[in-house]
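Please look through the structure below, first as a whole and then part by part.

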Amino acid sequence: MEYLLGEACGPSEQAEVSKISRLIIAGNSISEGTPLALREEEKKASRKYGYDSSAYNPAPTTHFDNFLATLLPSIPVTLIPGEMDPANVSMPQQPIHPAMFPRSRNYAAMPDAIEPGWFDSVTNPWEGDVDGWRLMGNGGQPIDDVFKYVDGDERLEMMESLLRWRCGAPTAPDTLWCYPFQDRDPFVIEECPHVYFVGNQPRYETVVIEGPVGQLVRLICVPKFKETGEIVLLDTDTLETEIVKFDVFESIS
């Protein structure tokens, strides 16, 4: 957070950080919840319909809401839900409800607004315009589900294949849960994006591919921040990418 606010770097890096126009969180912003331990007398108490509200741990959501509320006065945030987030399991996942963010929701747009607010809780998968570029991305489930049945781990090649097939989730609804649609398939890619990113991948990878009529698309595998400590910076002038890695400094005794 300090890096994004320009509080953890020198003057030259602060000038570069100040150019960041939007933060996109590509799924799994909240870790899988762990219920609170119950005391013996609470375990013996009867539960209504098998649910015990005292076992719910609101701390992860509260911490995340505080994190967003600290960033939002300085930088807009697009929040894409992921597999572990408090959203519906079936694809396409609906935006995480604003009630989960009592502080951050003050920066969201009004229900009838045309333009998104500074806090933009969106669907998974998501398409949107950022600084004149067409972005398309998801929280990682469509790609991860494909590799349950495919040998190898060439993530960029699979992302390229999905674009050429014009199908954002080829294993839905067979093994990737999705909502049943009658009129249209929401996973059909109707417009070619400038940038296609997938979150929660094992490692950072990127490449530029060329379409059948000469269109160029930047593919980005966004790594899991929890495991790698890496964020991806996208230059909206050139669509070049850069990795920033955070680590814990260990002094040598």
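**Charged pairs, strands and cores**

Glu 205 and Arg 203 are joined through their side chains by a salt bridge, at 3.7 Å from N to O. This comes from a predicted model. Glu 205 is partly exposed, with a relative accessible area of 22%, and Arg 203 is partly exposed as well, at 34%. These two residues belong to a network in which salt bridges with shared partners join Asp 144, Asp 153, Arg 155, Arg 203 and Glu 205. In general, side chains of opposite charge can pair when their charged atoms come close.

The structure has 11 salt bridges. Another of them lies between Arg 164 and Glu 160, whose closest N and O atoms are 2.9 Å apart. Both residues are in helix α5 (residues 155-165), and because they are four residues apart there, about one helical turn separates them. Arg 164 is partly exposed, with a relative accessible area of 44%, and Glu 160 is partly exposed with 24%.

The salt bridge of Glu 240 with Arg 218 has its closest N and O atoms 3.5 Å apart. This pair links distant parts of the chain, since Glu 240 is in the loop between β9 (230-234) and β10 (241-245) while Arg 218 is in strand β8, 22 residues apart. Are the two partners buried or exposed? Glu 240 counts as partly exposed, at 47% relative accessibility. Arg 218 has a relative accessible area of 8%, so this residue is buried, the limit being under 20%.

Strand β8 leads on to the strand pairs. Strands β7 (residues 205-210) and β8 (residues 216-223) run antiparallel and are joined by six bridges. Glu 205 has Cys 221 in β8 as its bridge partner. The two strands form a hairpin with five residues between them, and in the turn Gly 214 has a positive phi of about 90°.

A second hairpin is made by β4 and β5, with two residues between the strands; there Asp 131 takes a positive phi near 55°. Strand β4 and strand β5 (residues 133-138) run antiparallel, joined by five bridges. Val 130 has Trp 133 in β5 as its bridge partner.

Strand β1 (residues 23-26) runs parallel to β2, and four bridges join them. Here Ala 26 has Ile 80 as its bridge partner. Strand β3 (residues 119-121) also runs parallel to β2, joined to it by three bridges. Within that pairing, Thr 78 stands opposite Asp 120.

Which residues have the most contacts inside the largest nonpolar core? They are Leu 23, Ile 25, Phe 64, Leu 68, Leu 79 and Phe 101, in a core of 18 residues. Two or more residues each come from β1, α3 (59-71) and β2. Helix α3 gives the largest share, three residues. Apart from neighbours within four places in sequence, Phe 64 is in contact with Ile 25, Ser 29, Ile 30, Leu 79 and Phe 101. A second, separate core has 16 residues, including Ile 143, Val 146, Phe 147 and Leu 163.

Phe 64 is buried, at 8% relative accessible area, whereas Phe 67 is partly exposed at 27%. Ring pairs link Phe 64, Phe 67, Phe 101 and Phe 119 into a cluster.

Trp 126 and Phe 197 form a tilted pair, 6.4 Å centre to centre with 55° between the planes. Trp 126 is in strand β4 and Phe 197 in strand β6 (residues 195-201), so the pair ties together parts that are 71 residues apart in sequence. Trp 126 is buried at 9% relative accessibility, and Phe 197 is buried at 6%. One more contact involves a ring and a charge: the charged end of Arg 155 sits over the ring of Phe 147, 4.6 Å from its centre.

How values were computed
Residues are numbered from 1 along each chain as its sequence is written. This is a predicted model: local features need pLDDT of at least 70, side-chain atom pairs count only at pLDDT 80 or more; totals for chains, interfaces and linings use all residues. Side-chain values use heavy atoms; hydrogens and water are left out. Two strands pair if DSSP finds at least two bridges between them. A nonpolar core is a set of buried Ala, Val, Leu, Ile, Met, Phe, Trp, Tyr and Cys residues joined through side-chain atoms within 4.5 Å. Buried means under 20% relative accessible area, exposed over 50%, partly exposed in between (1.4 Å probe, protein chains only). Contact means heavy atoms within 4.5 Å. A salt bridge is a side-chain nitrogen of Lys or Arg within 4 Å of a carboxyl oxygen of Asp or Glu. Rings of Phe, Tyr and Trp (its six-membered ring) pair if their centres lie within 6.5 Å; planes under 30 degrees apart count as stacked, over 60 as edge-to-face and the rest as tilted. A charge sits over a ring if NZ of Lys or CZ of Arg is within 6 Å of the ring centre and within 35 degrees of the ring normal.
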